[in-house]
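Work through the exercises below with the model open. Each task is followed by a stepwise solution.

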Amino acid sequence: VQLQASGGGLVQAGGSLRLSCVASDRTYTDYAVGWFRQAPGREREFVAAIRWSGGRTLYADSAKGRFTISRDNAKDTVYLQMNSLKPEDTGVYYCASGEYMRISHREWRDWGRGTQVTVSS
């Protein structure tokens, strides 16, 4: 699966952004897509994930209540709606695909290029 993330930018604290992840070459229909983020000097961190089939979701505690992951099967796109953004949400956001929804980034198979999100205080 090839993935392309977009939608990052600069936003003030309290603002919103919507990230998109377009998946191509989808040979299998039932797999998961996850969002991760990485701040400078820190390990890649799980944010949220969703399964293409059924739409089951998983969120990191830091994302619960503020972020919403969704998918549009017709457009082969997964979205991450981020509201009430905080400076600590700053980082490069990546989307990934894998067979299971896992917290560890090491267990995801395919990765897209990241998109920068910067939240100013």
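**Exercise 1: the sheet**

E1 and strand E3 (residues 17–24) are joined antiparallel by five bridges. This is a predicted model: local features need pLDDT of at least 70, side-chain atom pairs count only at pLDDT 80 or more, and totals for chains, interfaces and linings use all residues. Residues are numbered from 1 along each chain as its sequence is written, and side-chain values use heavy atoms, with hydrogens and water left out.

Solution. 
1. Strands are DSSP runs (E, at least two residues), numbered from the N terminus; two strands pair if DSSP finds at least two bridges between them.
2. Start at E1. Ser 6 stands opposite Ser 20 in E3.
3. Read the order. Four strands run E1-E3-E8-E7 in an open sheet, with antiparallel pairing.
4. E7 and strand E8 (residues 77–82) share six bridges and run antiparallel. Ile 69 has Leu 80 in E8 as its bridge partner.

**Exercise 2: Arg 66**

Task: is Arg 66 buried or exposed, and what does its side chain reach?

Solution. 
1. Locate Arg 66. The residue sits in the loop between strand E6 (57–59) and E7.
2. Apply the cut-off. Arg 66 counts as buried because its relative accessibility is 11%; buried means under 20% relative accessible area (1.4 Å probe, protein chains only).
3. Follow the side chain. It reaches the backbone oxygen of Ser 62 at 2.8 Å.

Terms used: Buried < 20%, exposed > 50% of the residue type's maximum accessible area, 1.4 Å probe, protein only. Polar contact = N/O pair within 3.5 Å; in protein donor to acceptor, adjacent residues only side chain to side chain.
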